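Hi everyone, thanks for coming. Let me bring the model up on the screen, and then we'll walk through a few of its features together.

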Amino acid sequence: MAAVGFAVSTTSAASGKVGSAGASVTTASVSSTNLLVGNDATFSTSTGTWSNYSNASLELGAGAGEAGSNALVATATGAEMIIVSGTPGNGGLTAARPGSIYSGSISAEAPTGSEEIGPVLIFYTSTGSVLNGFFGPGTSVGTSQWVPLAPVVAIAPPGTAYVVLGLIVDNAGSGSTVDFDDAWIEQTAAAATPAVVGPLSTSGNQILQSNGQPVTLRGVVLDGLESSPDPSTVTEQAVIEAKAWGANIVRVPLGEQFWLSSNCDYSPSYQSTVSQVVNWITSLGMVALLDLHYNTVGGCETGGPHNMADEAQAPTFWSQVAAQYASNPLVAFDLYNEPHNISDQIWLNGGTTTDYYAPNQTYVAAGMQQLYDSVRDTGAQNLVFISGNNWANTVPAELVSGTNIVYAIHSYTCTTVAQCQAGEPQTYDPASILGQWVGLSASLPVEITEFGWPNPDDGTYMANVISYAQSEGWGWIA
């Protein structure tokens, strides 16, 4: 969906169901009370407070609704038709509360031809200023029957006083019409996710809390700190919203180049920024999984992804990070993101590799055993996550020697962007990657620490990965 004049986030999913942007994390149930009432919901005698936002004219359609009821009839006057359930000038703003989860949708039919329609929730301040808008997935609506649109779900941001439901009809031809009926907005209480009780340890294939109870870690990746020493995307509100959805772990990718004073891109404030983010996460009872995501291999080039961690700096990075967070029972360490284009021997013990990325430098890589030992040599007993070889897809030929280890899987089935965009059937089936790990998971803990694609507007693949993980008792991080 295109932007419509307000800041947009793509948090979308069916209420209480799996959908894009990890919305399935929530465990709360949707309320049964529709916050839209009277003609704003069912258009019995008027169009209510619904109004044109862009390229639309509205009228009451007698007998045009579901089961012969009246309906809201929207006629396009331009290429993209947008209507909303209320505006500051015309009324219809629905009272809303910051931090609560809201969902909304409507039923539709398209008498003049098939249309792609998507809902959006727009949040306002008490003075009528727009805070943000959150899109839901598009639904194809035809001419022969009424279709309930896939709902949009969003958490009300700080400062929220009101919410409205918007509907976007993409590529509507001038004069085309869409009939709407049964509009709704519902409020959901934030999920009451229990705090994780650290320190954590492993026993067999389980992760155990300090009270002896097993815990399955499910959450999200909060990226940005790998590529910027102070990114605008890593905020306390993002952490709060992760918790509200029901997350109990947040993976935080880091950049070695900003952490180490020996690197040309060293940022003196970076370590304190990371500590602040860690505190936001762990103070809410969630695990902060610190991930070595970007590094440098040839001196002072810009940090980025590489075949493997570099022996020149990565062991020092982990020695310092582990020493700093050894006393925090809710911090865990993810040794290196997506090792690839290296042998299993180099994956385990290190060695010389020529980088996959231009300018294809040759350097000495550190192995997972060396990185693990760098953590344990500080005395830190925190959980250590170790990604498999081949972009974290495959099970190691030889395991790292140690304790409190969780093996990490990444699951992306597309081999090219074009394949993802085409939505080929096999791209929606994660079994080709995840099935390799079932045997190991019988005796050791595994976690899917990254997954996504092929279509950010379609939650099918996300749902399939989550379903597979939960059938095997694995945790996952979207």
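Let's start at one spot: Ile448 stands opposite Trp476 in β26. Strand β26 covers residues 475-477 and runs parallel to β25, residues 446-451, with 2 bridges joining them. For the bookkeeping, strands are DSSP runs of E with at least two residues, helices are runs of H or I with at least four, and both are numbered from the N terminus; two strands pair if DSSP finds at least two bridges between them.

A word on the source: this is a predicted model, where local features need pLDDT of at least 70, side-chain atom pairs count only at pLDDT 80 or more, and totals for chains, interfaces and linings use all residues. Residues are numbered from 1 along each chain as its sequence is written, and side-chain values use heavy atoms, leaving out hydrogens and water.

Zooming out, β17-β18-β19-β20-β23-β24-β25-β26 make a closed barrel of 8 strands with parallel pairing.

Now the aromatics. Rings of Phe, Tyr and Trp (for Trp, the six-membered ring) pair if their centres lie within 6.5 Å; planes under 30 degrees apart are stacked, over 60 edge-to-face, and the rest tilted. That gives 12 aromatic pairs. One of them is Tyr356 with Trp391, edge-to-face at 5.4 Å centre to centre and 80° between the planes. Tyr356 sits in the loop between β21 and β22 and Trp391 in helix α8, so the pair ties together parts 35 residues apart in sequence.

And Tyr468 and Trp474? Both are buried (under 20% relative accessible area, with a 1.4 Å probe and protein chains only; exposed is over 50%, partly exposed in between). Thanks, all!
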